[in-house]
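Here is a short briefing on one chain. Look over the sequence and the coordinates, then read on.

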Protein chains: 2
Amino acid sequence: MTEGIRMNVQEITAAECYAKLASSGFGRLACARDNQPYVVPIYFAVKGEAIYAFSLAGQKVDWMRENPRVCLEADWMSGSNDWTSVVILGRYEELTDTPEFYNERLQALASLQTRPMWWEPGTSSLSSANERPEKGQAPVFFRILVDRVTGYRAAPQPPDGVAPHE
Amino acid sequence: MTEGIRMNVQEITAAECYAKLASSGFGRLACARDNQPYVVPIYFAVKGEAIYAFSLAGQKVDWMRENPRVCLEADWMSGSNDWTSVVILGRYEELTDTPEFYNERLQALASLQTRPMWWEPGTSSLSSANERPEKGQAPVFFRILVDRVTGYRAAPQPPDGVAPHE
């Protein structure tokens with residue numbers, strides 16, 4: 001047990017949520033089909049209030065094309081009583097490789113290409129030992145349109161009777 | 001760009017997946033309602049091939065009672081080309097506080113109670129500064145019955161022409 005350890009949990013603003021998301025660019029994306037949820041880790045770029053990412057074609061993309069409702073979660077755990085977490089409910093929107101989305105694609109690529117697995121972290125649609133997708137496996141580019149963002153921050157609190165700065 | 005960095009992605013066995021999950025006891029749990037997925041961080045205990053956890057009553061529990069299909073994801077990122085990830089598809093089963101589940105509850109409690117927020121990391125159903133749920137807010141105890149578990153491990157690979165141990 002951890003008697004005496006308390007923490008102060010507070011909701012953070014939407015602006016703070018986006019700033020946290022932008023600072024790490026890593027989280028977990030959930031999609032669903034026939035009410036079966038499916039979660040994978042994902043790298044993303046944040047621009048304003050939209051989230052941009054790439055994925056190889058596969059189960060996740062198939063599911064999001066069929067049902068665009070998604071959830072993006074990110075957390076930063078310094079300890080079990082010292083953490084921040086952000087949850088976004090939103091919709092998947094595929095951005096085709098056309099002039100219309102040229103700028104978004106370029107900006108997202110610039111932000112994400114420093115990561116070797118920016119197109120598919122945590123899962124493998126690759127056979128093995130590939131640095132990037134083969135021809136014909138071009139990553140799908142998409143954004144998440146945010147419907148709701150919520151975030152919480154927890155910090156340890158001194159025991160009763162001990163005021164801060166004493 | 002990261003020219004020259006390659007990695008070797010391999011599927012790991014179910015036994016390796018459970019061992020990784022047991023070693024950290026932390027991941028993200030997704031549920032879904034009306035095909036809207038919802039993801040939150042979660043602490044859990046692993047016993048054999050079942051996952052045990054607690055949650056405060058609230059949106060997540062409401063959704064899982066209505067639709068027991070869940071997905072549990074955990075990942076360990078040493079770097080973007082050096083990681084392990086595990087994804088479980090399974091079903092939520094609530095374990096009532098009755099003699100039938102006395103042993104499971106006791107074992108899960110023993111495994112989880114070292115963490116101050118074992119009943120609800122990453123979200124706040126608490127007003128603030130509470131160490132544990134108020135009376136009447138007893139955490140719901142549940143397990144995830146695993147239908148499918150898959151895991152991948154990636155490790156950096158030397159550039160072409162450099163054999164290991166040379």
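What pattern does chain A follow, read along the sequence? The pattern is β-α-β-β-β-β-α-β-β-α-β. This is a predicted model: local features need pLDDT of at least 70, side-chain atom pairs count only at pLDDT 80 or more, and totals for chains, interfaces and linings use all residues. Residues are numbered from 1 along each chain as its sequence is written, while chains are lettered from A and ligands numbered from 1 in the order in which they are written.

**Overall make-up**

- Chain A has three helices and eight strands. Helices (H or I, at least four residues) and strands (E, at least two) are DSSP runs, numbered from the N terminus.
- Of the 166 residues in chain A, 40% are buried. A residue is buried if 20 or more other C-beta atoms lie within 10 Å of its own, exposed if 12 or fewer, and partly exposed in between; C-beta atoms are placed from the backbone.
- Take the contacts in chain A with a separation of 6 or more: 73% of them join residues 24 or more positions apart. Two residues are in contact if their C-beta atoms, placed from the backbone, lie within 7 Å.

- Strand 2 (residues 26-33) and strand 3 of chain A run antiparallel and are joined by eight bridges. Two strands pair if DSSP finds at least two bridges between them.
- Cys31(A) stands opposite Tyr38(A), which lies in strand 3 of chain A.
- The two strands form a hairpin, with two residues between them.
- Strand 3 (residues 36-43) of chain A is mostly covered, with seven of its eight residues buried.

**The loop between them**

- Most residues other than glycine have a negative phi.
- Asp34(A) is not a glycine, yet has a positive phi of about 50°. Asp34(A) sits in the loop between strand 2 and strand 3 of chain A.
- Why does Asp34(A) count as exposed? Because 11 other C-beta atoms lie within 10 Å.
- Asn35(A) is in the loop between strand 2 and strand 3 of chain A. Asn35(A) has a positive phi of about 65° and is not a glycine either.
- Asn35(A) has 18 C-beta neighbours inside 10 Å, so Asn35(A) counts as partly exposed.

**Helix 2**

- Which residues of helix 2 (residues 59-66) of chain A are buried? They are Lys60(A), Trp63(A) and Met64(A).
- These residues lie on the same side of helix 2 of chain A because they cover an arc of only 95° around the axis. The arc is that of the directions from the helix axis to the C-beta atoms.
- The cover over the buried residues of helix 2 of chain A includes strand 2, strand 3, strand 5 (50-55), strand 6 (69-79) and strand 7 (82-94).
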